[in-house]
Every structure is written in C-alpha cells, then in structure tokens.
Amino acid sequence: MEIVGTVIELREKIQVWKKQGQKIGFVPTMGYLHEGHLSLVRESKKRSNLTVVSIFVNPMQFGPAEDYKVYPRDLERDRALLEREGVDLVFYPPVEVMYPEGYKTYVEVEDLQDKLCGKSRPGHFRGVCTVVLKLFNLVQPDEAYFGWKDAQQVIILQKMVEDLNLPVKIVALPLVRDHDGLALSSRNTYLSPEERRAALVLKKSLDLAEKLIIEGEREARKIRQKMIELISAEPLARIDYVEIVDLKTLEPLETIGDQALIALAVFIGRTRLIDNLRIISGGIEK
Ligand code: AMP
C-alpha cells in the first residue's frame, strides 16, 4: 500500500490504472478511522479492482469556532488499519496541496446545503462539496462510498453528481454503530465516560420514533415532540435540531408517508453528535 501526498504522484498512479481499464473505488475520509470507515473500504474492495482512500481533515468544512485544530489525527494507526484491509493507495495531502495560496473556486448545492446541519454549520456543505469534487477529479473513481451516518451529506453529494453530470456513482452504505447503539464517529473520542453514556440518548430517541411509527403514528409533529422530550430529560444533552424531512428535498414533513429522514444533532457537553434513521418504502433503516 502506497501513501502519496501530491497531485503529481496521485495522477501518475491513476493514469496507469485508467489505461489498464481498472474499476476504481474511492473512500474519502478525514482519518482517525473506525469500523464505519472500514465498512466503506470493504464494500469498495468487494465491488472494485482497486481501492483508493483519502485522509484529509478539510479546513474548508469547519466553522471558525469548530474543532478543526483539535480534530483527532493518527496517520500511523490509520495506515495499519488500511494496510490490513488491502487498500491499494492512500491519498494524504497537506492543506497547501488541496488549497494552494490564492485558491478561489467553490461548489454549492443551493437550498439543501442550508437545511439541518447546514443551519448551525454555515459553509459546511460548501466545504464538503468543494473538497469532494476536487477529490473526484483527482482520483477519477468509478464508484465512491459514503456512509448514511452523514445522511444530508449523501443527499447533497448525490445532487451534486446529478447536477454536474459527474461520471461517478455514489454508493451509500448503512450507519455502523457501537455495541450499545452509539453511532461510530471519530468525534466520540471527545466524550468523557459520563458523556459517552449520555450520548446514547440520540439512538434512544430514534428507537422511540421507530416504536411510535410501528405503532401507527404518522404525524411528524407528535413524533418529534416525544423525541425532544426524551432528549431534554438528559441533563448533559442540548438539542441542536430534531427534524423529520423528505429524503430528497430535506423539507419538513407533516405526515410520514413511504419515505422520510428523521435526523438529529445534539450537543453532549461540547461535542456535537448526529444520528438518523430513514424510512424507505415504508420500512425503517438505521
Ligand atoms: P469522516 O471521516 O467523518 O469524514 O467520514 C468519512 C466517511 O465515513 C463518510 O462517508 C461518513 O459518512 C462515513 N462514516 C463515518 N462514520 C460512519 C458510521 N458510523 N457508519 C457508516 N459510515 C460512517
């Protein structure tokens, strides 16, 4: 497994593979890898001839008061994990390779970028879309793998690919959870043991929503209210948002029909965590 950090080295590799007609699978990450990331890598290994993983903590998607500086990083650990999975190439660029001085071009997916996480993280999805388009142009993957953990990200990137006619297929894969149900996230390392326990309230609120839906409740307002009550009873939790929206437009739903996204963001202490469940063709995926 090779690790490259420059555009020239990456392009050389990709050009050879493209000439050979290899099917390239790509997993973009910010590193500090866990089983969620590795599930994407394994799917790429299954479906593609060659797997490229990028590790880049993208400053453009962090707000000025957010955790860019302290975001966990451990290249040696990530390298060992990816080597074990049989990854072919890791792209690990320094910031100046992605954004040289005088960088001026950005990608925005209007409306969708302003909802849910976009409301409390202005500029976040502009940063995500910009870096992902750059990475797609560099890696030229046939397929790129993303987790439903970041549901809004998947929906926005699918729209970007559609609107810009990008020759890449977005493959979205299930959210991977810890043994007790907490959604795996690199940010879970910020949690104290007490906060780690309190963080279970996100999954519990989704379990409650699921139960209500199975019992026949369809009114979004009522489900949302019950979720908010449950989360508010946890002293360490502060709700950023709890929303029930259309899976494509991210517009709030009054009634749950055959598709919906129930998404939430909650601060546990100073750590902002997200989770979601999706209703697709009447069934529940979480
Ligand atoms: P990140 O390193 O947080 O930018 O995540 C890189 C990719 O891994 C994104 O497509 C995420 O949605 C995905 N991912 C992160 N956590 C999980 C998880 N718990 N389950 C599935 N995919 C995940």
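Visitor: Which residues in α2 meet which residues in α3?

Guide: Happy to show you. This is a predicted model, in which local features need pLDDT of at least 70 and side-chain atom pairs count only at pLDDT 80 or more, while totals for chains, interfaces and linings use all residues. Residues are numbered from 1 along each chain as its sequence is written, and side-chain values use heavy atoms, with hydrogens and water left out. From α2, Leu38, Val41, Arg42 and Lys45 meet Leu81, Leu82 and Glu85 of α3; contact means heavy atoms within 4.5 Å. By class, that contact has 4 nonpolar, no polar and 3 charged residues. Here Ala, Val, Leu, Ile, Met, Phe, Trp, Tyr, Cys and Pro count as nonpolar, Asp, Glu, Lys and Arg as charged, and the others, Gly among them, as polar.

Visitor: At what angle do helix α2 and helix α3 pack, and how far apart are their axes?

Guide: Two packed helices are described by the angle between their axes and the distance between the axes. Helix α2 covers residues 35–47 and helix α3 covers residues 75–85; their angle is about 30 degrees and their axes are 10 Å apart. Helices (H or I, at least four residues) and strands (E, at least two) are DSSP runs, numbered from the N terminus. Axes are lines fitted to C-alpha atoms, for helices over the stretch in contact, and angles run from 0 to 180 degrees between N-to-C directions. α2 and α3 are therefore roughly parallel to each other: angles under 35 degrees count as roughly parallel, over 145 as roughly antiparallel, 65 to 115 as roughly perpendicular and the rest as oblique.

Visitor: What does valine 27 touch?

Guide: Valine 27 is in strand β2, residues 24–29, and is buried, at 0% relative accessible area. Not counting residues up to four places away in sequence, valine 27 touches Leu40, Val41, Ser44, Val52, Val53, Ser54 and Tyr145. Valine 27 and proline 141 are 114 residues apart in sequence and 9.4 Å apart in space, C-alpha to C-alpha.

Visitor: How many aromatic pairs does the structure hold?

Guide: There are 7 aromatic pairs in the structure. A pair of aromatic rings is described by the distance of the centres and the angle of the planes. Rings of Phe, Tyr and Trp (its six-membered ring) pair if their centres lie within 6.5 Å; planes under 30 degrees apart count as stacked, over 60 as edge-to-face and the rest as tilted. Phenylalanine 62 and tyrosine 68 are edge-to-face, at 5.4 Å centre to centre with 65 degrees between the planes. Phenylalanine 62 and tyrosine 71 also form an edge-to-face pair, at 5.9 Å and 75 degrees. Phenylalanine 62 is buried at 10% relative accessibility, tyrosine 71 is buried at 7%, and tyrosine 68 is partly exposed at 24%. Phe56, Tyr99, Tyr103 and Tyr106 form one aromatic cluster.

Visitor: Where does asparagine 165 lie?

Guide: Asparagine 165 is in the loop between α7 (151–163) and β6 (169–173). Its phi is positive, about 55 degrees, although asparagine 165 is not a glycine. Asparagine 165 is exposed, at 65% relative accessible area. Leucine 250, in the loop between β7 (237–245) and β8 (259–268), has a positive phi near 60 degrees, and leucine 250 is buried at 1%.

Note on methods:
Buried < 20%, exposed > 50% of the residue type's maximum accessible area, 1.4 Å probe, protein only.
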